[in-house]
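Biologist: Hello! Could you put the model on screen so that we can walk through it together, one question at a time?

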Amino acid sequence: MPEQPNDQEGAIAGTGAGGAMDLGASEAETLEKTPYGPEGTGPAGKPRSLWSDAWRDLRRNPVFIISGLIILFLVFISLWPSAITWESPLQCDLAKAQEGSQPGHPFGFDGQGCDVYTRTVYGARTSVAVGVLATLGVGLFGSALGGLAGFFGGGWDSLLSRLTDIFFAIPVVLGGLVLLSVVTSNTIWPVIGFMVLLGWPQISRIARGSVITAKQNDYVHAASALGAGHSRILLRHIAPNAVAPVIVVATIALGTYIALEATLSYLGVGLKPPRVSWGIDISAASPYVRNAPHALLWPSGALAVTVLAFIMLGDAVRDALDPKLR
Amino acid sequence: MSDNLTLPAQQGPADTTTPETLLEVEGLTKHFPIYGGFPIKRKVGAVQAVDGVDLTVGVGESVGLVGESGCGKSTTGRLITRLMEPTAGRITYAGQDITHASRKQLAPVRSEIQMIFQDPYSSLNPRQTVGSIIKAPMEVNGIEPAGGREKKVRELLELVGLNPEHYNRFPHEFSGGQRQRIGVARALALEPKLIVADEPVSALDVSIQAQVVNLLQEVQKELGIAFLFIAHDLAVVRHFSQRVAVMYLGKVVEVGDRDSIYNHPRHPYTHALLSAVPEIDLDGEGEARERIRLTGDVPSPISPPSGCRFRTRCWKAQDKCASEEPPLVKLSGSREGHLTACHFPEEPTLQGRAQDVVMDPALKALEGDGAGKD
């Protein structure tokens, strides 16, 4: 307990000291927004919940700060790519094909004479959108199915467990080549749909196991002894105590979905030109990598950094949420 | 020995010392199926956790349920609170059969039967504040006490000896004893008539146990709540309960008022249990009590012994014990309401046994006195 009030004092003092401590101010603000924060009115200060403990851990973790800043930047450029670019990613000039870095075009030009810098920035939108939406879809669908199966057990549970085994047996890239090659729509939705289709069993298994662990706790029995219904037990008692592993795995999976989108686009079954995606650019740049390596390196580097940032974030979140590591 | 049988079991509970019956349990049975086989799983057996338990709890009465680990005490408690579905038998609460009642049918009864759990760490949701934990029973059952739920919660916290200011704290900020008090407050929130306390103090430090037992006793006396107090600690049960039932391997082997069980037990198993209680004889004048040391473990409830279930560890067992199951009846020489399930009961006294019973041959050889009657 003694650490918590000091901590906040520090943050508040930081804000008082002047505008230079912007980060401190935003931290104090976010702390207030943690689920149980504002309820703390007791004489001993704010209560510590698992979430506020985790947040305290995260704020001190350099891995979280670095990956968080990278992700914030990525989200920013996917929402407003024109804020840091001055051209259209589709404005290409074949005369400048494969040219290197020059004023106004820091990353040079690719094989079609398009500006690599502009295309790399615009490619972030696809990656972030696919990653976030696929993770949301997988997370919601997988944890709902797995959670319900774990909670109710019985025949549906066995059926679902066998079904997840079947889906685990499908090779991701081969499955993508087969399934997505028949899709004609050139949007991110078929790609996201494919990821949800193949991704849900992973989350479903984790949610199922986590719910089964949580439902054996006496507080769940206590709630049913009070006459609480299934929905109350699931939402109030099981879900809050079972969600942490799902969040961790989903965060790490987000990075792999971004990589998978690039892989599928590279193979020509994900997004296709004129869509802008790192995978498309990597694919287009690979034949002439010896003449114009910059056209390959910039989108590949952006992809690697993005995937790494999400995986690092997932790692940091796991460390913070796992009480055994504390 | 069958001339000892005077009363059939069914009439037993109609006891003059027992007040109006609140809860009546007849032949309560819970078998957990064991599945095996390949490729198609089928039932290959059953763990007979509870196998025909008869029990009554009067209004405002506190009944202790004792027995070794794994004898089905906790399962009995969970069957009565309907956390588990009984395999057979009947549970009657205030004249209403609740054995297989659905959640809706149970709703009016739920608020009257509450439970206190053994583990104060797992019985409180770590993500909820103390206030919302204690408020939950009122929310679920749609009860709006005068002055609001929050006021009631603060009153309850005060009643169980916690600071009402701790309303917004989380369970992990409390010690084990305090957490158990929170559990007690939650059980009291609906002003129940019956509380099933499943080993409420066995997870606590000895110094804290006394506090919690005293709290429960105050609650019981002041609010007139009936208790089914499940425990393996005989001293705690003696302190707390007016009537005591002794369970062995899924069955009640002896039941009676506190004095009968503790001072005039008839069943060999009760004798053995009591002889295991450490005793401090301060003035040194008390007669040395018998010592009975049983050998081995409780037999597997998957295939319990035929006839009397205690016969495999009993020093008085004869052929009849294996072939015929002893009914739970009043024996001649026992008091009213004191029922025993034994063909060859012991004398109703704890003093005066000539020799100790030592069932373990190795131990017997060690002590070298050749004591015991096998």
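Biologist: How many helices and strands are there in chain B?
Modeller: Keep in mind that this is a predicted model. Chain B has 374 residues, of which 44% count as buried. Counting its secondary structure elements gives 11 helices and 15 strands.

Biologist: Which feature does UniProt place at residues 23-274 of chain B?
Modeller: In the model, that span is 35% helix and 29% strand, and its end C-alpha atoms lie 27 Å apart. The name comes from an unreviewed UniProt entry, which lists residues 23-274 of chain B as "domain: ABC transporter".

Biologist: Let's zoom in on one strand of chain B. Why is S10(B) described as largely enclosed by the rest of the structure?
Modeller: Strand S10 covers residues 243-248 of chain B. Arg243(B), Ala245(B) and Met247(B) point one way from it, while Val244(B), Val246(B) and Tyr248(B) point the other way, and all are buried. In a regular strand, side chains alternate between the two faces of the sheet. S10(B) is largely enclosed because the number of its residues that are buried is 6 of the 6.

Biologist: Which residue is the bridge partner of Val246(B) in S11(B)?
Modeller: S10(B) and strand S11, residues 251-257 of chain B, pair in the antiparallel sense over 6 bridges. Their hairpin has 2 residues between the strands, and Leu249(B) takes a positive phi near 50° there. Within S11(B), Val246(B) has as its bridge partner Glu254(B).

Biologist: And which residue in S10(B) is the bridge partner of Val66(B)?
Modeller: Strand S4, residues 62-66 of chain B, runs parallel to S10(B), and 4 bridges join them. Val66(B) is also among the residues in contact with Val246(B), as are Ile261(B) and Leu273(B). The bridge partner of Val66(B) in S10(B) is Val246(B).

Biologist: Now the edge strands: which strands pair on one side only in the open sheet of chain B?
Modeller: This sheet has 4 strands in the order S3-S2-S5-S6, with antiparallel pairing. S5, residues 88-93 of chain B, pairs with S6(B) over 2 bridges, and Tyr93(B) stands opposite Gln96(B). The strands that pair on one side only are S3 (42-58) and S6 (96-97) of chain B.

Biologist: Last one: which element gives the largest share of the side of chain B that touches chain A?
Modeller: The contact takes 27 residues from chain B and 24 residues from chain A. On the chain B side, these divide into 11 nonpolar, 8 polar and 8 charged. Helices H2 (103-110) and H3 (130-140) of chain B are the elements that give two or more residues. The largest share, 4 residues, comes from H2(B).

How values were computed. Residues numbered from 1 in each chain as written. Chains lettered and ligands numbered in written order. Predicted model: local features only at pLDDT ≥ 70, side-chain atom pairs only at ≥ 80, totals over all residues. Contact = placed C-beta atoms within 7 Å. Nonpolar A, V, L, I, M, F, W, Y, C, P; charged D, E, K, R; others polar. UniProt positions renumbered as here; feature names shortened; annotations may be inferred. Buried ≥ 20, exposed ≤ 12 C-beta atoms within 10 Å, placed from the backbone. Pairing = 2+ DSSP bridges. Lists of a residue's contacts leave out its neighbours within four places in sequence.
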